[in-house]
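Q: I have a structure to look at and have not worked with it before. Can you take me through it?

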Amino acid sequence: MPRPSHVRVVRRLTSDGYNADRDAVTVFANADDPIAAVERAIEAVADDALTITVADAEAAVSRTATNSTETTTPQTGGSTGTTKTNTSKKEPGSPGETKGVDARTPAADRPPVHVAKDITGESTGTGTYQDFVTVFRDRFERLAGQLRSRVTHRPTDALETMAGGSEAAIVGMVNDIRSTANGHWLVELEDTNGTFPTLVMKDRAIADDVDALLHDEVIGVEGTLSDDGGILFADAIHFPDVPRTYSPSTADRPVEAALISDVHVGSQEFLAEEWSAFADWLHTEEADRVEYLLIAGDMVEGVGVYPDQDEELDVIDIYEQYERFAEYLKAVPGDMEIVMIPGNHDAVRLAEPQPAFDEELREIMRVHDAKITSNPSVVTIEGVSVLLYHGVSIDELVAELPDDLATYENPQNAMAQLLRKRHLAPPFGGHMRISPEESDYLVIDEVPDVFHTGHVHKLGVGQYHNVRLVNSGCWQAQTAFQKSVNITPDTATAPILDLQTLEVTVRKFS
């Protein structure tokens, strides 16, 4: 186990946003005054340097030995180079139980993090009618393509010419759902040629599938045409879905990722002490395998997001909120790789897909050289694909679907429905804003190994057809607004994903 000086060295480096070679940390730790040596190394390196090398460390130690005799160099915050530890009770991150980042695989030796479906810099939508036609056609074609191997469908205009009583099938976008006077369900489907009605009888087993339908999702229906050929009596409903036989990829070595979201720095209810406990834990031996941190949106509380929000803000300037967030992020070990996407409280456009933070905010949050990408994005780490999505559409599902399919208390159920539909936000025209692009970035083309969301401030861990589901809770205590809408948040939770097994251990820091 590394000595306390190793831990102090790493913490001092990461507090300024620097990484260090493992041998460099050892050089510092073996110096007569480790912290003074670190200070001199930081002063000497180039402004754009991110990693302290062995050569940097040796030079700094040499200069410290030459220039210091019996004086003690203060650390940041004014404390001296001698650290006193209360060993009667070991808190998370205390030197007595800390192994630090030395045991982690150096970032240079890890496989590169790959990002896909990043709309940053690629947005073309201007909000015209034709833009919306384009994105919905793209959605239909891609999701219909996933269904055509299972459904021998006919276009709507071709069904109109078929003889009554014929077996038929259609792939279409749900245009309308309504009940008949007899309690049956009439589902109108639309394709690029027109619309066609399908009837789901209330006494059929597939009637339960109607409860799961949302406007604007793409499904396939098989059945028999009525005698006059004007309606399709449904025998089966097909969703694009995830194959039940799906086999996820896993890492080929023991390594873990912390999945968090909804930090909400700037709120009066931000849990600073709990965040510090989490950051301290990441420096302990128990967290040696945690080499990645994935943040699914809402770094800060934002400004003007909901009525009277200003009364609940601790920091009212949006840029200062991000500066505070960057300071808290510095407490995370410097050799962890961080990936973050924006959320609806962040200073980006509200319409999804949301591009990543602009250059000014990226500069503020440059600590640890975090990888910043759009909402949503697919991030592949150690061979495991993680679909990162903030999760605003979960609100729509909770409002539209029955409780056995979607509730705030069990957000993983709503996430499973999104995978079933292979789309992150099917309904159009509700509270959620959609940006019409040339391609629908919210279609789930490839099945992810892990699906990670946030937004609803509830912890949810589950599995759907072998895809791991994680909604990660939040780092904000209940606000007055949340209380008014009866949301009791799950706070200070950090699901830790084992990338080798896809098992999840939930760490609680309150």
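Q: Where is Glu-382?
A: Glu-382 is in the loop between S13 and strand S14 (384–388). This is a predicted model, so that placement is computed from predicted atoms.

Q: What is the phi of Glu-382?
A: Near 55°, which is a positive value in a residue other than glycine.

Q: Is Glu-382 buried or exposed?
A: Glu-382 counts as buried, because its relative accessible area is 7%, and buried means under 20%.

Q: And His-465, where does that lie?
A: In the loop between strand S16 (459–464) and strand S17 (467–472). His-465 is not a glycine either, yet its phi is positive, about 50°.

Q: Buried or exposed, for His-465?
A: Buried, because His-465 has 14% relative accessibility.

Q: Okay, prolines. Which residue does a cis peptide bond join to Pro-353?
A: Glu-352, and omega of that bond is about 5°. Pro-353 is placed in the loop between strand S11 (337–341) and helix H10 (359–364).

Q: What about the peptide bond from Asn-375 to Pro-376?
A: That bond is cis, with omega near 5°. Pro-376 is in the loop between strand S12 (371–372) and strand S13 (377–381).

Q: Switching to sheets. In what order do the six strands of the open sheet come?
A: The order is S12-S11-S10-S9-S18-S19, and the pairing is mixed.

Q: Which are the edge strands?
A: S12 and strand S19 (504–508), each of which pairs on one side only.

Q: How do strand S9 and strand S18 pair?
A: Strand S9 (residues 256–260) and strand S18 (residues 493–498) are antiparallel, with three bridges between them. Ala-257 has Leu-497 of S18 opposite.

Q: Now the inside. How many residues are in the largest nonpolar core?
A: There are 51 residues in that core, and those with the most contacts inside it are Ile-219, Val-221, Ile-237, Leu-419, Phe-451, Val-467 and Leu-469. Helix H12 (residues 411–421) gives the largest share of this core, five residues. Apart from this core lies another, of 38 residues, which includes Leu-271, Val-290, Ile-338 and Val-348.

Q: Which residues line the largest cavity?
A: Its lining consists of Val-135, Phe-136, Arg-139, Phe-428, Ile-434, Asp-440 and Leu-442. By class, that makes five nonpolar, no polar and two charged residues.

Conventions: Residues numbered from 1 in each chain as written. Predicted model: local features only at pLDDT ≥ 70, side-chain atom pairs only at ≥ 80, totals over all residues. Heavy atoms only, no water. 1 Å grid on protein atoms, 1.4 Å probe; cavity = no way out; pocket = protein on both sides within 12 Å on 5 of 7 lines; lining within 4 Å. Nonpolar A, V, L, I, M, F, W, Y, C, P; charged D, E, K, R; others polar. Core = buried A, V, L, I, M, F, W, Y, C linked by side-chain atoms within 4.5 Å. Buried < 20%, exposed > 50% of the residue type's maximum accessible area, 1.4 Å probe, protein only. Helix = DSSP H or I, 4+ residues; strand = E, 2+ residues; numbered from the N terminus. Pairing = 2+ DSSP bridges.
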